[in-house]
Amino acid sequence: MRKKLIQLIITFSFFFSFDVFAKSNIEVCAAPQTYSALENIKKYTKVHFETFYGSSDELLSIISNQKKRCHIIISEDEKIPVIMLKSNKTEFSNIKRLVRSPLILWSKDENAIDDKLNFLKKKKIKSLVYPKASLSTVGYAASKIISQRNFPSEFLKGKIFRTDHEYAAFSLVDNQNVQAGFMTKPVVMKDGKIEGSYYIFPYDKYDPIFYYVTLNNEEKSNRISTLYAELSTSSKVITSFVLAGFDSLD
């Protein structure tokens with residue numbers, strides 16, 4: 001009797017352990033700009049997942065050094081999927097463009113910026129900030145805008161500041177240490193609204209800021225594949241991103 005009981009316990013433990021393993025957490029590692037969208041998407045996906053948010057450099061370091069399990073990566077930098085492809089951590093078929101992010105000029109002052117760039121002609125902006133072009137896609141796009149003739153910024157000489165990343169630019173404007181700054185719409189959108197004033201630059205004025213979703217091949221399961229398929233193809237997922245300030249690829 002005792003022997004049978006031990007066998008039953010061992011059998012139950014095996015199946016319980018297998019079930020726990022099969023249902024272990026799936027980690028989606030993503031750019032912080034996707035926070036609002038992903039936290040909403042979590043509520044309805046067929047497969048539950050956890051999230052980790054980090055800059056492009058942080059995500060790349062984690063993936064390269066295997067510091068953390070990142071089953072699916074959502075990044076604003078195509079460098080990450082390209083490096084993963086070269087290091088055999090993914091396949092070309094498992095890299096998808098997901099959405100794109102509008103570039104805006106934003107001020108906490110609701111009267112500072114209008115939708116016809118009159119604020120530049122009237123020299124209403126007293127200081128400006130944007131991420132460094134060499135460190136981010138947003139900074140590169142902003143530098144392209146500033147260099148164009150229809151964006152007169154000579155009067156801001158000595159009052160244009162550069163930060164290492166987009167959120168540092170946001171912080172300076174949000175705390176009103178700088179009057180206006182270049183950033184993407186999802187960074188400033190909250191509950192479907194943007195406080196202050198802003199101008200959305202047409203897409204033909206700068207190189208598009210795409211977001212990519214990439215499947216990490218190093219750990220495979222049906223649940224991971226199911227989640228990746230939903231994140232990369234679901235219209236409901238795209239709608240969640242749009243509501244968070246992104247634009248669809250259409």
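Buried means under 20% relative accessible area, exposed over 50% and partly exposed in between, with a 1.4 Å probe and protein chains only. The views show a predicted model, in which local features need pLDDT of at least 70, side-chain atom pairs count only at pLDDT 80 or more, and totals for chains, interfaces and linings use all residues. Residues are numbered from 1 along each chain as its sequence is written, and side-chain values use heavy atoms, with hydrogens and water left out.

**View 1. Lys122 in its loop.** Lys122 lies in the loop between α5 and β6 (128-131); helices (H or I, at least four residues) and strands (E, at least two) are DSSP runs numbered from the N terminus. Lys122 counts as exposed because its relative accessible area is 60%. Ala112 is 10 residues from Lys122 along the chain, and their C-alpha atoms are 11 Å apart.

**View 2. The whole chain.** The chain has 10 helices and 12 strands. Its C-alpha atoms fill a box of roughly 90 × 35 × 35 Å, taken along the principal axes. Of the 250 residues, 45% count as buried. Among contacts between residues at least 6 apart in sequence, 75% join residues at least 24 apart; a contact means heavy atoms within 4.5 Å.

**View 3. The largest pocket.** A pocket is an open set of points on a 1 Å grid over the protein atoms alone, where a 1.4 Å probe fits, with protein on both sides within 12 Å along at least five of seven lines; lining residues have an atom within 4 Å of a point. The largest pocket has a volume of about 440 Å³, a volume being the space filled by probe spheres set on the points, which are joined across faces, edges and corners. Its lining has 23 residues, with Ser55, Ser56, Glu76, Leu135 and His165 nearest the centre. Two or more lining residues come from each of the elements α3 (56-65), α6 (137-146) and α7 (166-174). By class, the lining holds eight nonpolar, nine polar and six charged residues. Ala, Val, Leu, Ile, Met, Phe, Trp, Tyr, Cys and Pro count as nonpolar, Asp, Glu, Lys and Arg as charged, and the others, Gly among them, as polar.

View 4. Strands pair if DSSP finds at least two bridges between them. β3 and β12 run antiparallel and are joined by four bridges, with Ser75 opposite Tyr212. β4 and β12 also run antiparallel, joined by five bridges, and Val99 stands opposite Tyr211.

**View 5. Helix α9.** Helix α9 (residues 222-233) has 12 residues and spans 16 Å from its first C-alpha to its last, close to the 16 Å expected at 1.5 Å a residue; the expected span is 1.5 Å times one less than the number of residues. Its buried residues are Ile224, Leu227, Tyr228, Glu230, Leu231 and Ser232. Among the elements they pack against are β1 (27-30), α2 (35-41) and α10 (235-243).

View 6. Most residues other than glycine have a negative phi. Phi of Asn88 is near 60 degrees, a positive value, and Asn88 lies in the loop between α4 (79-86) and β4. Phi of Gln176 is also near 60 degrees, and Gln176 lies in the loop between α7 and β8 (180-184). Asn88 is exposed, at 66% relative accessible area; Gln176 is exposed at 55%.
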